[in-house]
Amino acid sequence: MKKFILKITVYSMGVVTLLGVSSCSDSFLKVDPLGTLSDQTLANAAGAEGLLIGAYSLLDKVGGAGSGNGISSSNWVFGSVAADDAYKGSTLGDLPDILAVETFAGNPATGLFNSEWRVLYDAIQRSNEVLRVLELVNDISDAERTRIAAEARFLRGHFHFEAKKKWNNVPFLDESINYNNGNLNVPNTADIWPKIENDFVFAAENLPSTQSAIGRANSWAAKAYLAKTYLFQGKYSAAKPLFDDIITNGTNPLGVKYDLVNFHDNFNAERSNNAETVFAVQFSVNDGSNGQNGNRGDRLNGPYNWGPPGGSGFFQPSQSLVNSFRVNEDGLPYLDNFNAVDVKNDQGISSTTPFTPDETALDPRLDWTVGRRGIPYLDWGVHPGQAAVREQSSGGPYAPIKTVYYKAQEGVYSDATALYGIYTTISYKIIRFADVLLMAAEVEVELGDLVRATELVNRVRSRMSDPATWVHTYINNDNPGMGFTDIPAANYKIGLYPTFPNPEYGRKAVRFERKLELAMEGHRFFDLVRYGTVAEELTAYWEKEKAVHTYYGSAVFQVGKHEYYPIPQAQIDLSLGTLVPNPNY
């Protein structure tokens, strides 16, 4: 009897088959090995659906091969700390692999790269296992078979996209790749974009527009991911009709038409699944898992020794990011000299020393993105600055907000049983509607429609024009639970762009808007790479920052090397040399 082992191997993540020894007299050899499921058990509607759920479960990158500290659905290390969004945080020596990513000192032996690779290819083969078993299923309608196959291929496309944007030269594994077929070692020398496209095309054509749960992919999510895949390749003409259709007609999996919501609702556990959700990773708490089903990948990311219990002081917003939210008299960002002046902070200032926040005009999204001294931090209290920072000399003066729950939600939308860390149900948006609007604006700039590009950017900006959506002062600083006044917590101002005068300006404005809107959401490094400006941007960032964060003094970005991460040496070895290193590693 053929067996499907659910334990995953490292390189190919192929599902291994146990070959038992047969004997007429030794009946004990016919006992199913522990941890195995027979094809009769899996090859039915329930088995296929269960395998599909298993593939979905690795969207959070927890529980599979390779999961661990720094491995997260939000890509906070690989997408934000590696860019100019954030510092590693905590203390300089804590989790040194993340510091290696931050300063581009990593190499093929750095364990974090191998962990990320393993979890992604584990997830890819879980998606493939759905397709393999689905071929054997008889008790299912054609419509359900097609729907399950389309979801599995959507997930496979997503996980390959994640690998592609991190390493570029990666193997594509389809359902024909497994241990039994003896074809585990797949080269990484072919461009896999066409195969990623094919998966999203199939998903877009075969998924329903509505689903039974918000966390399942629907046809609109597949179209958005396909358009994003085209965008990453510079296929603007192919992406445009998809974005137009999504913006005009798209709905989330529950049938709610896509729209922008109050900015912070996207990061409020009670409201995070909303009209802006295109495709999101779902989390649950207080379910007997001791936090494992909460947002475990971001659990370290919160103020240290203050506010929500369990914060470890990682993922601290950078001064450069905070400076990006400064605005001029028209409420528009300083596109060219945003970093010329620092927003006031308490770097090196004692927590007992009186401190008044900066009175300069700021984009109101800042204080929904960054916790800074003197400003209400959700309903936890006025952020105390240095008192909530583990090591200000290396981590800086700020704290993240987007992954933190409200104090009023404690024990309901956070896990009270977890031993340490901030475990919440705040869904992580792999794609949200504001992201779609800004990707569409980028396409319009490249295709020459500056009027439409301006409209799309202004649609994103205009939702913050209502003062009711801003951060406000507390009624009583000593009792934040009493609520908020109508008084803005800082000098907030946001304006709309006049029509972009030329493509160069439009390109700069759209890119800067992505920096502001999607800050601390794991997109920044990958955006800089596809813009072709990553070396210039990071070199300027390090030069500015190293006066305070001296470890940046050794950071060097090597063009032709650091745009992508090193292929893990462990995977090269396991592939018996089939995988080749990335250039210059």
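**Exercise 1. Classify Ala540: buried, exposed or partly exposed?**

Solution. Start with the relative accessible area of Ala540, which is 47%. Next, take the cut-offs: buried means under 20% relative accessible area, exposed over 50%, and partly exposed in between, with a 1.4 Å probe and protein chains only. Ala540 is therefore partly exposed. Now place the residue: Ala540 lies in helix 16 (residues 534–545). Helices (H or I, at least four residues) and strands (E, at least two) are DSSP runs, numbered from the N terminus. Last, take a distance: the C-alpha atoms of Ala540 and Asp97 are separated by 23 Å, and the two residues are 443 residues apart along the chain.

A note on the model: it is predicted, local features need pLDDT of at least 70, side-chain atom pairs count only at pLDDT 80 or more, and totals for chains, interfaces and linings use all residues. Residues are numbered from 1 along each chain as its sequence is written, and side-chain values use heavy atoms, with hydrogens and water left out.

**Exercise 2. Check the radius of gyration of the protein chain against that of a compact globule.**

Solution. The radius of gyration is taken over C-alpha atoms, and the globule rule is 2.2 Å times the number of residues to the power 0.38. For 585 residues, a compact globule would have a value near 25 Å. The protein chain has 24 Å, so the two agree. The chain holds 17 helices and ten strands. Of its 585 residues, 61% count as buried.

**Exercise 3. Find the residues that touch the most other members of the largest nonpolar core.**

Solution. A nonpolar core is a set of buried Ala, Val, Leu, Ile, Met, Phe, Trp, Tyr and Cys residues joined through side-chain atoms within 4.5 Å. The largest one has 137 residues. Phe154, Leu155, Phe243, Phe279, Val436, Phe525 and Leu538 touch the most other members. Helix 5 (residues 111–134) gives the largest share of this core, twelve residues. Another core, of 20 residues, lies apart from it, and Ile375, Leu378, Tyr405 and Ile422 are among its members.

**Exercise 4. Describe the surroundings of Tyr428.**

Solution. Tyr428 lies in strand 8. Its relative accessibility is 12%, so Tyr428 counts as buried. Contact means heavy atoms within 4.5 Å. Leaving aside neighbours within four places in sequence, Tyr428 is in contact with Ser73, Ser74, Phe279, Ala280, Val281, Phe283, Glu521 and His523. Tyr428 and Phe279 are 149 residues apart in sequence, yet 8.6 Å apart C-alpha to C-alpha. Finally, the side chain of Tyr428 reaches the backbone oxygen of Glu521 at 2.6 Å.

How values were computed:
A polar contact is a pair of N or O atoms within 3.5 Å; within protein, one must be able to donate a hydrogen and the other to accept it, and residues adjacent in sequence count only if both atoms are side-chain atoms.
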